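Here is a friendly walk through one protein chain. Have the picture open while you read.

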Amino acid sequence: MLPCSLAPLLPCSLAPLLMSAAIRFENVSKMSNVKRELKLSVIMPVHNEAHTIRETLRQVQTVDLEKEIIIVDDHSSDGTRKILSQIADDEVKVIYHDQNTGKGSAIRTALQYVTGDIVIIQDGDLEYDPADYYKLIEPIVEGQASVVYGSRFLGEISNMHLLNYIANKILALTASLLFFTWITDEGTCYKVFEAGVLNGLNLKCTGFDFCPEVTAKVLKRGHRIVEVPISYRGRSTEEGKKIRWQDGLRAFFTLIKYRLVD
Ligand SMILES: Nc1nc2c(ncn2[C@@H]2O[C@H](COP(=O)(O)OP(=O)(O)O)[C@@H](O)[C@H]2O)c(=O)[nH]1
Ligand SMILES: [Mg+2]
């Protein structure tokens, strides 16, 4: 970056221009340092995503960061397994469950294989945009946070079902009140962690209770959740969405449970 001591010597009109160019250069060089030094572990739990898994994986592979992609197939029966078995990429590791145990349990399986410094959860559908990874990891790379959530409510939402919208609002408010914080999106898929944070959580979830359990436990352990705006395009049940209103209710009680116990 331009040494501050030089700034006063520059002509007035040039100084802001050169300073902002220097800051931009610093950001670019920071990101290239990230590529060299930090490894991202992308965890993908999938169950019956034959229509979207190829394109989701392609988008994740396109992300220009040092990374590994750990896919856990939770006993799919729609052809997803065949698609996964054809992947030839050293960055990708596929693990097959021999029975369907749920999203949380697939994430817990994947955690045993993580070798990266930063972990992100990626659904096997096309609701989220992997191009958002760069800004999601930035607070961790810069040492400002150990946990980052991508907030759909601070970013752009299209096609979110009204019930889903209301449930997400209630869950974010519940988490905020229970843990004396302010978050706008508790149920977001894009949760990013310094790898070490996840080791001590003793997760017990099996299904969609991953989100409330992990949120409650990181907040209880004193981590601040930093939110970054992301874009989201919801899919319908016909398009493969599996979460149900009962999962919203379960999430609500899971937040309360982990306020009280560990
Ligand atoms: N491993 C596993 N993943 C699941 C299961 N059900 C859903 N998923 C995955 O969890 C992710 C989220 O599912 P989705 O229905 O879109 O719910 P939402 O995005 O959390 O609202 C997708 O990648 C699904 O394939 C399951 O039983 N096991
Ligand atoms: Mg999804």
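## Ground rules

Before we talk about helices crossing, here is how axes work: they are lines fitted to C-alpha atoms, for helices over the stretch in contact, and angles run from 0 to 180 degrees between N-to-C directions. Helices (H or I, at least four residues) and strands (E, at least two) are DSSP runs, numbered from the N terminus.

This is a predicted model, where local features need pLDDT of at least 70 and side-chain atom pairs count only at pLDDT 80 or more, while totals for chains, interfaces and linings use all residues. Residues are numbered from 1 along each chain as its sequence is written, and chains are lettered from A and ligands numbered from 1 in the order in which they are written.

## The overall picture

The chain holds nine helices and seven strands. Of its 262 residues, 34% count as buried. Buried means that 20 or more other C-beta atoms lie within 10 Å of the residue's own; exposed means 12 or fewer, and partly exposed is in between, with C-beta atoms placed from the backbone.

Next, contacts: two residues are in contact if their C-beta atoms, placed from the backbone, lie within 7 Å. Among contacts in the chain with a separation of 6 or more, 79% come from residues 24 or more positions apart.

## The sheet

Strands of a sheet pair through backbone hydrogen bonds, either parallel or antiparallel. In this report, two strands pair if DSSP finds at least two bridges between them. Here seven strands make an open sheet with mixed pairing, in the order 3-2-1-4-6-5-7. Strand 3 (92-96) and strand 7 (225-233) are at the edges with a single partner strand each, so one side of each has no neighbour in the sheet. On average, neighbouring strands of this sheet are turned by 20° against each other, direction ignored.

Which way do strand 5 (residues 147-158) and strand 6 (residues 191-194) run? They are antiparallel, joined by three bridges, and Val-147 sits opposite Phe-193 in strand 6. Helix 4 packs on the sheet, where it touches strand 1, strand 2 (67-73), strand 3 and strand 4 (118-121), and its direction makes about 145° with that of strand 1. Strand 5 also pairs with strand 7, in the parallel sense and over eight bridges. There, Gly-150 is opposite Val-228 in strand 7.

## Two helices side by side

Now look at helix 6 (residues 162-178) and helix 9 (residues 245-260), whose axes come within 10 Å and cross at roughly 0°. That makes helix 6 roughly parallel to helix 9; angles under 35 degrees count as roughly parallel, over 145 as roughly antiparallel, 65 to 115 as roughly perpendicular and the rest as oblique. Helix 6 brings residues including Leu-163, Ile-170 and Leu-178 to the contact, and helix 9 brings residues including Trp-245, Phe-252 and Arg-259.

What classes of residue make up this contact? There are eleven nonpolar, two polar and one charged. Ala, Val, Leu, Ile, Met, Phe, Trp, Tyr, Cys and Pro count as nonpolar, Asp, Glu, Lys and Arg as charged, and the others, Gly among them, as polar.

## Around the ligand

Ligand 1 has 18 residues around it, the closest being His-47, Asp-74, Ala-106, Asp-123 and Lys-242. A residue is near a molecule or strand if its C-beta atom, placed from the backbone, lies within 6 Å of it. The shell has six nonpolar, four polar and eight charged residues. Strand 1 (40-46) and helix 4 each supply at least two of its residues.

Gly-104 belongs to helix 4 (residues 103-111). Is Gly-104 buried or exposed? Gly-104 is buried, because 20 other C-beta atoms lie within 10 Å. Leaving aside neighbours within four places in sequence, its contacts are Cys-205, Thr-206, Gly-207, Asp-209 and Phe-210.

Gly-222, with a positive phi near 90°, follows helix 8.

Asn-159 has a positive phi of about 70° although it is not a glycine. Asn-159 lies in the loop between strand 5 and helix 6 and is exposed, with 12 other C-beta atoms within 10 Å. Asn-202 is not a glycine either, yet has a positive phi of about 50°. Asn-202 is in the loop between helix 7 (195-199) and helix 8, and is exposed because 8 other C-beta atoms lie within 10 Å.
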